[in-house]
Amino acid sequence: HVVDPAEGSFNRHADGKFSHAFLEAGGILAEALGWLYRKSADESLADLALRVGRFSWEQRNPQVGLPPVSPRHERWDMYACTTELGLWAGSLLRAGDYTGRDEFAAIAQEAIAAYLRYGYDEAAGRYYGRLRVADGQPELGNRTTPYQPDDYSDPWLALFPAHDYASAFAETCLALYRRTGRAEFEEGVR
């Protein structure tokens, strides 16, 4: 799955191509590599786990702090961030627990804080389904595939994954609140 070990780029299809670098897959790979490190004490696995986690994080807009769902395609997910970020960040937290590398938790905290900063619609009392990586603004309407979240994140959308993981996002907020005591993460859960 890791296409370029030096860069940490990956592909969920394991076909050797530089594509399909979805946050979810990157988080799972980092977590799995961290787990393997814990079992083997092979430092190269912990190093690779961190490079995979960094790869997705390095694709973010540094002014806004939001990474795209998948940075290798010229389609909607190259320009949008969704609650899939929570699934990814939760995996990074566990990779950090397995490896003892604090950078995983630092990345997860910054990423989730960015989504919390831009992703909540006070008037509707809900989180947006898609945020533009360019400026953190919600992407409303223009849903071109069932694999995109609707205007708002929906924990009951089970027909398709839709890159919308509201429950995993909340779980990661809770884990970050327990670790840091930061009120923004508690509010994210609520």
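**Close-up views of a predicted model**

**View 1. H163, in the loop between β6 and α5.** Welcome to a predicted model, in which local features need pLDDT of at least 70, side-chain atom pairs count only at pLDDT 80 or more, and totals for chains, interfaces and linings use all residues. Residues are numbered from 1 along each chain as its sequence is written, and side-chain values use heavy atoms, with hydrogens and water left out. Helices (H or I, at least four residues) and strands (E, at least two) are DSSP runs, numbered from the N terminus. H163 is not a glycine, yet its phi is positive, near 55 degrees. With a relative accessible area of 10%, H163 is buried (under 20%; exposed is over 50%, partly exposed in between; 1.4 Å probe, protein chains only).

**View 2. N142, in the loop between β6 (131–132) and α5 (166–180).** Here is another non-glycine residue with a positive phi, about 55 degrees for N142. N142 counts as exposed because its relative accessibility is 57%.

**View 3. The largest nonpolar core, with 43 residues.** Such a core is a set of buried Ala, Val, Leu, Ile, Met, Phe, Trp, Tyr and Cys residues joined through side-chain atoms within 4.5 Å. L85, W88, I112 and Y115 touch the most other members. Two or more residues come from each of α1 (23–40), α2 (43–58), α3 (84–99), α4 (102–119) and α5. The most come from α4, which gives 10 residues.

**View 4. W88 and its contacts.** Contact means heavy atoms within 4.5 Å. Setting aside neighbours within four places in sequence, W88 is in contact with L23, G26, G27, G53, S56, W57, I107 and A111.
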